[in-house]
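This briefing is meant to be read with the model open beside it.

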Amino acid sequence: MGLKAAAAAGLKAERLRLPSVAAVARSRMMRLWVLRATTTVLLWTCLVQLTAVGETWGPRVLRGWPSCRMAQHLAVPGPVVDREAAALPPKRIYRNNGYLMVSCNGGLNQMRAAICDMVAIARYLNVTLIVPELDKTSFWNDPSEFQDIFDIEHFITSLRSEIRVLRELPPRMKRRVELGMFHSMPPISWSDISYYHNQILPLVRKHKVIHLNRTDARLANNGLPLDIQKLRCRVNYGSLKFTPQIEELGRRVIRMLRKNGPFLVLHLRYEMDMLAFSGCTEGCTHEEADELTRMRYAYPWWKEKVIDSYVKRKDGLCPLTPEEIALVLRALDIDRNMQIYIAAGEIYGGKSRMASLTSAYPNVVRKETLLEPSDLRFFQNHSSQMAALDYMVSLESDIFVPTYDGNMAKVVEGHRRFMGFKKTILLDRKLIVDLVDHYKSGSLPWDEFSKLIKSVHSNRMGSASRRTVIPDKPKEEDYFYANPQECLRDPDLLRAW
């Protein structure tokens, strides 16, 4: 009995040991499988990383290995990207004094200049700039956001070495703004940089967030540090690129024009809003003059209401009419077959008002006649995006002729100077209207009229010159963005940028 009991106990113990041995075996198998899987993942990760790095600086053998990025380049033909050139500029490290929000006002080019000023101010104050808000309440009623017109990523990254730019406030600062814990104000026009240091910086430090709700002409033309002036240029000519969609369409228009030879861009400001704002009614009927007057009174932010059109025109303060500019172009011996691209909105009076110009120059075109309606479908009711197209074409033209010295005329003039003093005919409107009136009255023969027009404008072709400085009268002196002399590459006259 004792032996039987011992045998039974041994058999039971053996049965208990058998599952334990199986469990150990399964455990070893599981560990081995996990080890193999982990090793495979690590090796694959290393291989992918080495391949990616190898494309930039690794051994040549690694560059032959396929990768996702290489496959994309092979599948989609395009220009070779210079990775070193595409590298981000180093980020500037500075103690952030606060956040600057800005609301731009005016049309595209007024806002463009203002953005350049605000970047320079933000850099000087060592603050973080929030991507500027564009004007949506002006006469043009354009709902475009910053990123609808400008390449926002390029804007932010191109300025890394100068200031920090954010798309929006950080959450904590956003809550402060929602609770009204910020300061909003319009800065004083034509201020020098000391105003921002002495008046604005303390407000930034106190409130952490400051909102400048008007930005037009808030920084002086002259008397600023050289690095501030150069930064204004850097933003204007480097950081403010249009969106790829605008750039592509603009290049297409330029190619279409170039295919037919040289072209002249005429910035013809004979538009309803400009005539109403300026009070200039030359060439208009009584009914049209009344319509323009009613329009001027309808907009409260147009301060000047009672305007003598005759006096203003004689003082050279009105945009030239299509008839007047046709006479000037002929007097300057502009070839009759020259393509003339109209960079403007709808001309007041339509085809009948343009008849004198199109009769003298039959090759008059505009973006609406060069492109299909479908090409401009997404630009309709977006005046700033349409103006961006005209801006691009104006820069690339053989000759640029503005008929009025508005913001686009001035900013394009300066940009063409920066591009190598491209020919820009700066019209002396006061003298022109006097000569035109004498010619039309018969008291001045055509040959004499043409000779005088040529003589007056021989030195008004956008060549290198110094800005005129008028102390205490910034509105009357030369505009910085029309002649950014601190940034121009003319060793004979100006210090190189």
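**Helix α20 and the model as a whole**

In helix α20, the residues Arg429, Ile432, Val433, Leu435 and Val436 are buried, where buried means under 20% relative accessible area, exposed over 50% and partly exposed in between, with a 1.4 Å probe and protein chains only. They lie on the same side of α20, because they cover an arc of only 165° around the axis, the arc being that of the directions from the helix axis to the C-beta atoms.

The model is predicted, so that local features need pLDDT of at least 70 and side-chain atom pairs count only at pLDDT 80 or more, whereas totals for chains, interfaces and linings use all residues. Residues are numbered from 1 along each chain as its sequence is written, and side-chain values use heavy atoms, with hydrogens and water left out.

**The chain overall**

- The secondary structure of the chain comes to 21 helices and nine strands; helices (H or I, at least four residues) and strands (E, at least two) are DSSP runs, numbered from the N terminus.
- Of the 497 residues of the chain, 45% count as buried.
- Among contacts (heavy atoms within 4.5 Å) between residues at least 6 apart in sequence, 74% join residues at least 24 apart.

**More on α20**

- Helix α20 covers residues 429–441, and its 13 residues should span 18 Å at 1.5 Å a residue, which agrees with the 18 Å between its end C-alpha atoms; the expected span is 1.5 Å times one less than the number of residues.
- The buried residues of α20 pack against α14 (309–314), α15 (322–331) and α21 (446–457).
- Lys430 and Ser441 are exposed residues on the face of α20 turned away from its buried side.
- Glycine 442 follows α20 and has a positive phi, near 90°.

**Helix α13**

- In helix α13, the buried residues are Glu288, Ala289, Leu292, Met295 and Arg296.
- Seen down the axis of α13, these buried residues fall within an arc of 120°, so they line one face of the helix.
- The other side of α13 carries the exposed residues His286, Glu287, Arg294 and Ala298.
- The packing partners of the buried residues of α13 are α12 (272–278) and α16 (350–360).

**Aromatic rings and charges over them**

- The structure holds 13 aromatic pairs; rings of Phe, Tyr and Trp (its six-membered ring) pair if their centres lie within 6.5 Å, and planes under 30 degrees apart count as stacked, over 60 as edge-to-face and the rest as tilted.
- Tyrosine 237 and phenylalanine 418 are a stacked pair, because their ring centres are 4.3 Å apart and their planes are at 20°.
- This pair links distant parts of the chain, with tyrosine 237 in helix α10 (residues 226–239) and phenylalanine 418 in helix α19 (residues 407–418), 181 residues apart.
- Tyrosine 237 is buried at a relative accessible area of 16%, and phenylalanine 418 also counts as buried, at 15% relative accessibility.
- Tyrosine 439 and tryptophan 446 form an edge-to-face pair, with 5.4 Å from centre to centre and 65° between the planes.
- Tyrosine 439 is partly exposed, with a relative accessible area of 25%, and tryptophan 446 is partly exposed at 23%.
- One aromatic cluster is formed by Phe146, Phe150, Phe155, Phe242 and Tyr391.
- The charged end of arginine 330 sits over the ring of tryptophan 446, 4.3 Å from its centre, on the criterion that NZ of Lys or CZ of Arg is within 6 Å of the ring centre and within 35 degrees of the ring normal.
- Lysine 410 lies over the face of tyrosine 479, at 5.4 Å from the ring centre.

**Asparagine 407**

- Asparagine 407 is found in helix α19 and is partly exposed, with a relative accessible area of 29%.
- Not counting residues up to four places away in sequence, asparagine 407 touches Asn109 and Gln110.
- Asparagine 407 and tyrosine 479 are 72 residues apart in sequence and 9.7 Å apart in space, C-alpha to C-alpha.

**A four-stranded sheet**

- An open sheet of four strands has parallel pairing and the order β8-β7-β6-β9, two strands being paired if DSSP finds at least two bridges between them.
- The edge strands β8 (364–365) and β9 (399–402) each pair on one side only.
- Strand β6 (residues 263–267) runs parallel to β9 and is joined to β9 by four bridges; histidine 267 has proline 402 in β9 as its bridge partner.
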